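Let's work through how to read helix packing and side-chain contacts in a model. Have a look at the chain first.

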Amino acid sequence: MFGKRHEVTRIEGFSDAVFGFALTLLVVQLEAPRTTEALEDLVKGSVPFAVTFAMVCYIWWEHNKFFRRYGLQDAWTAFLNSALLFVVLFYVYPLKFLATTLLGPVVGLEGVSRGLGGQFVMLTYSTGVTLIFGLFLLLYRHAWTRRVTLGLGAADLITLRFNARGHAMSTGLGVVSLVLALVLSENLVGISGMVFGLMGPLHGWNGYQVHKALDRLEKEQAVAAVAASEPHA
């Protein structure tokens with residue numbers, strides 16, 4: 001659910017155009033297959049393409065939630081948003097390459113490059129995760145500093161706080177993976193990728209805590225309403 005509704009801002013309109021361009025970059029190299037082998041490679045390549053497409057859509061959804069809820073348009077928000085969009089555009093091709101490199105052998109895609117080692121792959125991916133979710137974290141922290149101006153209620157503050165914590169978790173995992181990719185040998189660098197397996201359980205736990213906090217607030221407000229309606233002696 002979203003809090004306060006507002007008209008689409010210039011920042012949101014510009015951001016949607018950039019996200020659309022990022023998705024366009026994912027398919028700009030696709031050509032109509034002319035042979036059966038090319039068609040087969042195209043079908044197999046749809047798996048890593050779908051993963052990359054889903055990642056970009058997830059980032060857009062997180063971006064959409066933030067601006068639909070808070071609609072900030074100050075200079076710091078514009079700067080952080082611009083930095084986020086830059087990272088998204090910059091990492092579209094690397095993410096597509098990484099998805100193809102990691103998933104290509106699984107789906108039987110031939111011609112996948114093996115020129116880069118696993119360490120470079122994980123360093124690139126971990127850096128992207130850290131930057132993207134770190135910028136989201138800064139956006140939410142900024143919204144927290146503007147909570148009075150935004151007129152956020154108790155439920156809005158709970159949602160804001162736990163969403164910021166979720167992005168802090170993602171950023172923390174990115175940093176841990178980045179450090180492991182730097183210090184581990186080439187044979188063990190895969191462990192740095194396994195760190196991201198914790199993202200699902202951690203976000204699931206964080207979401208559960210959000211619902212608990214909102215339920216607790218609703219009960220407290222109900223009790224307070226009943227107490228206020230009772231006649232005083």
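**Reading contacts and packing**

Q: Leaving aside neighbours within four places in sequence, which residues is Gln209 in contact with?

A: Contact here means heavy atoms within 4.5 Å. With its neighbours within four places in sequence set aside, Gln209 is in contact with Phe162 and Arg165. Before we go on: this is a predicted model, where local features need pLDDT of at least 70 and side-chain atom pairs count only at pLDDT 80 or more, while totals for chains, interfaces and linings use all residues. Residues are numbered from 1 along each chain as its sequence is written, and side-chain values use heavy atoms, with hydrogens and water left out.

Q: Where does Gln209 lie, and does it count as buried or exposed?

A: Gln209 lies in helix α8, residues 199-229. Helices here are DSSP runs (H or I, at least four residues), as are strands (E, at least two), and they are numbered from the N terminus. Gln209 counts as buried because its relative accessibility is 18%; the scale is buried under 20% relative accessible area, exposed over 50% and partly exposed in between, with a 1.4 Å probe and protein chains only.

Q: How many helices and strands are there in the protein, then?

A: Eight helices and zero strands. Read from the N terminus, the elements run α-α-α-α-α-α-α-α. Of the 233 residues of the protein, 37% count as buried. Take the contacts with a separation of 6 or more: residues 24 or more positions apart account for 81% of them.

Q: How do I read the packing of two helices, and at what angle do α6 and α8 pack?

A: Two packed helices are described by the angle between their axes and the distance between the axes. For α6 and α8, the angle is about 165° and the axes are 10 Å apart. The axes are lines fitted to C-alpha atoms, for helices over the stretch in contact, and angles run from 0 to 180 degrees between N-to-C directions. So α6 is roughly antiparallel to α8 (the classes are under 35 degrees for roughly parallel, over 145 for roughly antiparallel, 65 to 115 for roughly perpendicular, and oblique for the rest).

Q: Which residues of α6 and α8 meet?

A: From α6 the list includes Ile158, Phe162, Arg165, Met169 and Leu173, and from α8 it includes Leu202, Trp205, Gln209, Val210 and Leu217. The residues of this contact of α6 with α8 divide into 13 nonpolar, seven polar and one charged. The sorting takes Ala, Val, Leu, Ile, Met, Phe, Trp, Tyr, Cys and Pro as nonpolar, Asp, Glu, Lys and Arg as charged, and the others, Gly among them, as polar.

Q: Which residues does Leu202 touch?

A: Not counting residues up to four places away in sequence, Leu202 touches Met169 and Leu173. Leu202 is in helix α8 and is partly exposed, with a relative accessible area of 31%. Leu202 and Ser170 are 32 residues apart in sequence, and their C-alpha atoms are 8.8 Å apart.

Q: And how do α4 and α6 cross?

A: Helix α4 (residues 118-145) and helix α6 (residues 154-183) have axes that come within 8 Å and cross at roughly 155°. These two helices are therefore roughly antiparallel to each other. Their contact divides into 17 nonpolar, eleven polar and one charged residue.

Q: What is Phe133 in contact with?

A: Phe133 is found in helix α4 and counts as buried, at 8% relative accessibility. Leaving aside neighbours within four places in sequence, Phe133 is in contact with Tyr58, His167, Ser170 and Thr171. Phe133 and Gly172 are 39 residues apart along the chain, with 9.1 Å between their C-alpha atoms.

Q: How should I read a nonpolar core, and how many residues has the largest one?

A: In soluble globular proteins, nonpolar side chains tend to be buried together. A nonpolar core is a set of buried Ala, Val, Leu, Ile, Met, Phe, Trp, Tyr and Cys residues joined through side-chain atoms within 4.5 Å. The largest core has 40 residues, and Phe66, Tyr70 and Phe136 have the most contacts inside it. Two or more residues of this core come from each of α1 (10-27), α2 (36-70), α3 (75-107), α4 and α6. The largest share, ten residues, comes from α4. A second, separate core of five residues includes Ile158, Phe162, Val210 and Ala213.
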